Amino acid sequence: LDFSELQSGSVELENESYNITSMINDIIQMAMAKKSGKMVELMVDCDATLPSTLLGDEKKIRRVIMNIVDNAIKFTSDGYVSIIVSYRKESYGINLMVTVKDTGIGMSEESVEKLFTSFNQVDVKRNRQEGGIGLGLAISQALIQKMDGILTVKSKLGKGTSVKLVVPQKVLDDE
């Protein structure tokens, strides 16, 4: 559904008030459930000065972060997955920055370039074992771009991957 809406240009953004701490907590709970049985440490570093209430499309931001965390856990059999949440003040509010790093299987530079092509799986054999059809990051990037943000990926084969999203948000409560 997301893919077809993005293709047709009919994706609507919903600006709503949301509590960033609550959203991150929900993502952590989901990640803990996903990693069950894996020897993967989940680390979270959330800037304590991050404003508590933001205005933006919380559902889409949550979906993107959950997709990235899910991928990190899916392709990491041991080591760690870290979620780093920070921000930069801007005249319009903040740039919310979320970085997900893992010590998973990583990818070559050539594979990273192919990531954002719809229906492209970097490692078809591995994805058949883990599940997925190759749309997650293409959809995530398109959603973040729709919100005037950016999504970047850095990876080294056999060493892990780092995915960072930066998305502008208005601040409703600085606390």
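Helix α2 (residues 20-34) has 15 residues and reaches 21 Å from its first C-alpha to its last, close to the 21 Å expected at 1.5 Å a residue, where the expected span is 1.5 Å times one less than the number of residues. Helices (H or I, at least four residues) and strands (E, at least two) are DSSP runs numbered from the N terminus. The model is predicted: local features need pLDDT of at least 70, side-chain atom pairs count only at pLDDT 80 or more, and totals for chains, interfaces and linings use all residues. Residues are numbered from 1 along each chain as its sequence is written, and side-chain values use heavy atoms, without hydrogens and water.

Buried residues (under 20% relative accessible area, 1.4 Å probe, protein chains only) in α2 are Ile20, Met23, Ile24, Ile27, Ile28, Met30 and Ala31. They lie on the same side of α2 because they cover an arc of only 165 degrees around the axis, taken from the directions from the helix axis to the C-beta atoms. Their packing partners are β1 (16-19), β2 (39-46), β3 (53-56), α3 (58-74), β4 (78-90) and β5 (93-102). At the start of α2, a side-chain oxygen of asparagine 19 comes to within 2.9 Å of the backbone nitrogen of threonine 21.

The chain has these totals.

| Item | Value |
|---|---|
| Secondary structure of the chain | 6 helices and 7 strands |
| Buried share of the 175 residues | 46% |
| Accessible surface of the chain (Shrake-Rupley, 1.4 Å probe) | about 9400 Å² |
| Part of that surface belonging to carbon and sulfur atoms | 49% |

From the N terminus, the elements run α-β-α-β-β-α-β-β-α-α-α-β-β.

Terms used:
Buried < 20%, exposed > 50% of the residue type's maximum accessible area, 1.4 Å probe, protein only. Contact = heavy atoms within 4.5 Å. Polar contact = N/O pair within 3.5 Å; in protein donor to acceptor, adjacent residues only side chain to side chain.
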